[in-house]
Protein chains: 2
Amino acid sequence: MRDVAVIGVGINKWGELWDKSLRDVFVEPALKAIDDAGVDHIDAMYVGCMSSGLFVAQEHLSSLLTDYLGMGPIPCCRVESACASGGLAFRQAYIDVASGANDIVLAGGVEKMTDVDGGGATYALATAADQEYEAFNGVTFPGLYALMATAHMHKYGTTREQLAHVAVKNHANGVLNPEAQFPMEVTVEQVLNSVLVADPLRLLDCSPITDGAAAVILCPLDMAKKIAKNGAAKIVASGHSTDTIAFHSRKDLTEIASTQRAAEKAYKMAGVGPNDIDFAEVHDCFTIAEICVTEALGFFEKGHGGKAAEAGETARDGKMPINPSGGLKSKGHPVGATGIAQIHEVVQQLRGNAGKRQLKNPKRGLAQNMGGSGGSSLVHILEAI
Amino acid sequence: MRDVAVIGVGINKWGELWDKSLRDVFVEPALKAIDDAGVDHIDAMYVGCMSSGLFVAQEHLSSLLTDYLGMGPIPCCRVESACASGGLAFRQAYIDVASGANDIVLAGGVEKMTDVDGGGATYALATAADQEYEAFNGVTFPGLYALMATAHMHKYGTTREQLAHVAVKNHANGVLNPEAQFPMEVTVEQVLNSVLVADPLRLLDCSPITDGAAAVILCPLDMAKKIAKNGAAKIVASGHSTDTIAFHSRKDLTEIASTQRAAEKAYKMAGVGPNDIDFAEVHDCFTIAEICVTEALGFFEKGHGGKAAEAGETARDGKMPINPSGGLKSKGHPVGATGIAQIHEVVQQLRGNAGKRQLKNPKRGLAQNMGGSGGSSLVHILEAI
């Protein structure tokens with residue numbers, strides 16, 4: 001397999017994009033990524049999208065999006081793994097380029113979530129859970145993550161305040177991100193006093209409903225060194241794992257086993273360990289998720305994720321910066337786009353192009369994206385070149 | 001890239017499977033394929049499914065299906081390209097094995113279409129068209145293919161009877177297929193007298209709504225020669241192309257440009273031409289589709305597809321047997337599964353395992369799968385080894 005690099009990235013301002021349809025939302029960052037890469041064509045495209053069928057009654061994105069991007073008739077593959085669809089699109093694009101099948105490949109993600117009402121969005125998102133054993137019985141995603149939070153608090157003594165610190169930190173980062181949906185600071189008190197969604201999770205523990213897209217351009221490393229207009233980052237590992245879809249099949253609700261296994265594969269492939277990672281973008285769909293994920297990635301001991309957030313260890317100036325982009329919490333969470341936006345942030349940080357939120361000279365970044373309540377996870381590691 | 005072969009195939013009896021949910025429908029042929037291959041594990045899985053979100057309110061198939069197959073935590077990628085989702089799953093599995101990322105990979109397809117009513121199915125299928133310019137204005141798929149048929153009749157003099165001959169031939173083949181949904185003979189008169197759906201297409205010109213799945217096992221060719229329990233077939237080409245999603249952007253409604261381009265790529269990759277193909281499984285979602293596709297593949301001159309069908313050239317004993325399995329028309333069309341079922345038939349024919357419908361010693365078979373009204377197409381060529 002060939003070495004592969006990312007040479008271009010693009011994102012648009014996320015939020016409630018009433019004046020744009022799914023195709024418009026996608027094309028803008030895709031064109032930005034192509035321009036950033038400095039290429040005049042792409043050979044193939046992968047698009048992550050969770051449920052354009054339920055959100056906007058449109059499938060067949062391979063045809064629609066190559067068409068509207070003006071890149072037809074190139075091959076295009078839409079992939080879905082619930083909220084990990086973007087990370088999966090990136091992995092498949094990586095395998096494609098590594099295999100030699102194609103040279104310049106766009107990996108994108110998109111979700112247009114606000115064309116249905118709140119109930120419709122909750123219904124669509126619940127299709128990431130086991131419909132027959134979970135969703136049909138009334139379980140929603142805030143409910144599932146509330147169970148996870150309750151278990152973590154019970155087993156490890158994680159506190160309500162520690163959860164709040166995750167939101168406070170990610171919103172502080174998001175203020176520095178011009179594309180973020182909610183770039184405003186919040187305090188621990190505001191999180192604790194926000195409306196209760198599913199005990200113990202409150203509104204400010206939850207990532208929002210968002211319209212948005214992101215795109216990145218991959219090519220062989222050798223080619224990247226010759227053609228990259230604005231710098232490149234090398235993909236040194238891709239880890240992918242599934243897990244049981246339903247909570248009733250899990251041994252421990254505080255563990256995200258798919259992330260743990262995907263990370264083990266990625267660390268092995270890159271020949272590094274958690275201590276060799278300079279920063280990470282992780283899947284904070286709820287505050288408790290970031291705590292469980294940072295433990296699953298080996299950044300903190302099991303049960304210590306909440307304490308680490310409270311102590312500032314995950315802040316931009318902490319020992320392990322987590323979600324310098326603002327994360328799903330502040331930046332927004334258009335589910336199919338999230339995994340690609342994480343790669344966007346990792347590449348911008350490694351190229352030194354992250355603007356006001358730039359970390360100090362990071363050399364190696366990690367992106368972790370997961371579907372549902374952890375039924376699938378992708379972990380990618382990239383290095384500055 | 002490594003040479004790749006198919007070493008196992010599985011399918012279940014297709015139809016209205018009221019007593020099975022999507023996961024049950026999928027697992028049965030997947031286990032058959034694993035057994036047929038003689039392997040005790042798989043390293044990764046690709047699943048084609050068009051719209052499990054709209055049909056059964058379930059996304060996140062990567063987690064659900066690895067879980068219920070007992071193969072978690074292996075990586076799994078669900079892909080979607082409307083009715084070409086199965087062919088796309090096969091292509092992605094091929095690239096995966098060819099790249100060296102994984103050795104033994106399952107490519108499957110599934111669709112559970114009868115859990116919604118007829119209107120719900122038509123709504124879900126219409127998401128393969130351009131929603132904003134076609135479907136929202138009332139266009140349905142029988143309507144789109146009726147436009148194609150009308151244009152073909154006008155331009156080339158194709159007759160209503162010629163369309164009927166496609167259905168008659170495919171049903172005659174389906175009688176020999178124990179897994180077919182509608183294994184009964186029909187006559188030209190019955191087709192011409194069946195209820196009008198969208199002029200000039202009648203009920204017996206249309207493929208049915210079907211629950212079903214299929215699966216195949218891929219591995220490197222070198223490994224296949226050592227481990228295949230029931231024989232293998234070599235994948236010699238994979239061609240993939242998109243086209244504009246909406247009819248208003250096409251130059252000629254009688255041409256399926258995505259199939260033509262995917263075929264050109266596949267012929268070039270295999271170093272063969274249309275005359276070197278012994279038989280083909282093609283996407284006869286409507287009778288007119290088979291006529292246009294056999295022209296796009298170069299089996300017949302443009303405008304001669306209907307005449308060829310009428311003259312018996314596409315029958316099992318004709319010079320170019322098309323759809324020996326019975327095709328979508330008789331076998332059924334669970335959209336995400338169709339592309340994999342085509343590979344199933346090609347492999348069974350090449351291994352000499354096609355039972356009563358076995359062709360005489362075929363050496364090279366082609367499978368063509370397309371999405372929507374031709375917005376995406378996959379063409380694969382396999383050879384006996």
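1. In which sense do strand 2 of chain A and strand 3 of chain A pair, parallel or antiparallel? The pairing is parallel and runs over four bridges. Strand 3 of chain A spans residues 76-80. Within this pair, A:Met45 stands opposite A:Cys76. Keep in mind that this is a predicted model.

2. Strand 2 of chain A also pairs with strand 4 of chain A, residues 105-111. That pairing is parallel too, over five bridges. Here A:Tyr46 has A:Ala107 as its bridge partner.

3. A:Ala44, A:Tyr46 and A:Gly48 point one way. A:Met45 and A:Val47 point the other way. Both sets are buried.

4. Next, the domains. Chain A is assigned domain 1 (4-117 + 210-233) and domain 2 (118-207 + 235-377). Over C-alpha atoms, their centres are 22 Å apart. The contact between them takes 45 residues from domain 1 of chain A and 39 residues from domain 2 of chain A.

5. Which elements give two or more residues to the domain 1 side of this contact in chain A? They are strand 1 (4-11), helix 2 (52-56), helix 4 (85-99), strand 4 and strand 7 (212-220). Helix 4 of chain A gives the largest share, eight residues. By residue class, the domain 1 side divides into 26 nonpolar, 14 polar and five charged.

6. Turn to the two chains. A rotation of 180° with 0.0 Å of shift along its axis superposes chain A on chain B, with an RMSD of 0.0 Å. The two copies are thus related as by a two-fold rotation axis.

7. The chain contact involves 52 residues of chain A and 52 residues of chain B. On the chain A side, helix 2, helix 3 (61-69), strand 3, helix 4, strand 8 (233-242) and helix 10 (257-270) each give two or more residues. The largest share, six residues, comes from helix 4 of chain A. The chain A side divides into 19 nonpolar, 24 polar and nine charged residues. Of the interface residues of chain A, 100% are also interface residues in chain B, so the copies meet through the same surface.

Key:
Residues numbered from 1 in each chain as written. Chains lettered and ligands numbered in written order. Predicted model: local features only at pLDDT ≥ 70, side-chain atom pairs only at ≥ 80, totals over all residues. Buried ≥ 20, exposed ≤ 12 C-beta atoms within 10 Å, placed from the backbone. Pairing = 2+ DSSP bridges. Domains from an automatic or database assignment. Contact = placed C-beta atoms within 7 Å. Nonpolar A, V, L, I, M, F, W, Y, C, P; charged D, E, K, R; others polar. Least-squares fit on C-alpha atoms with pLDDT ≥ 70 in both.
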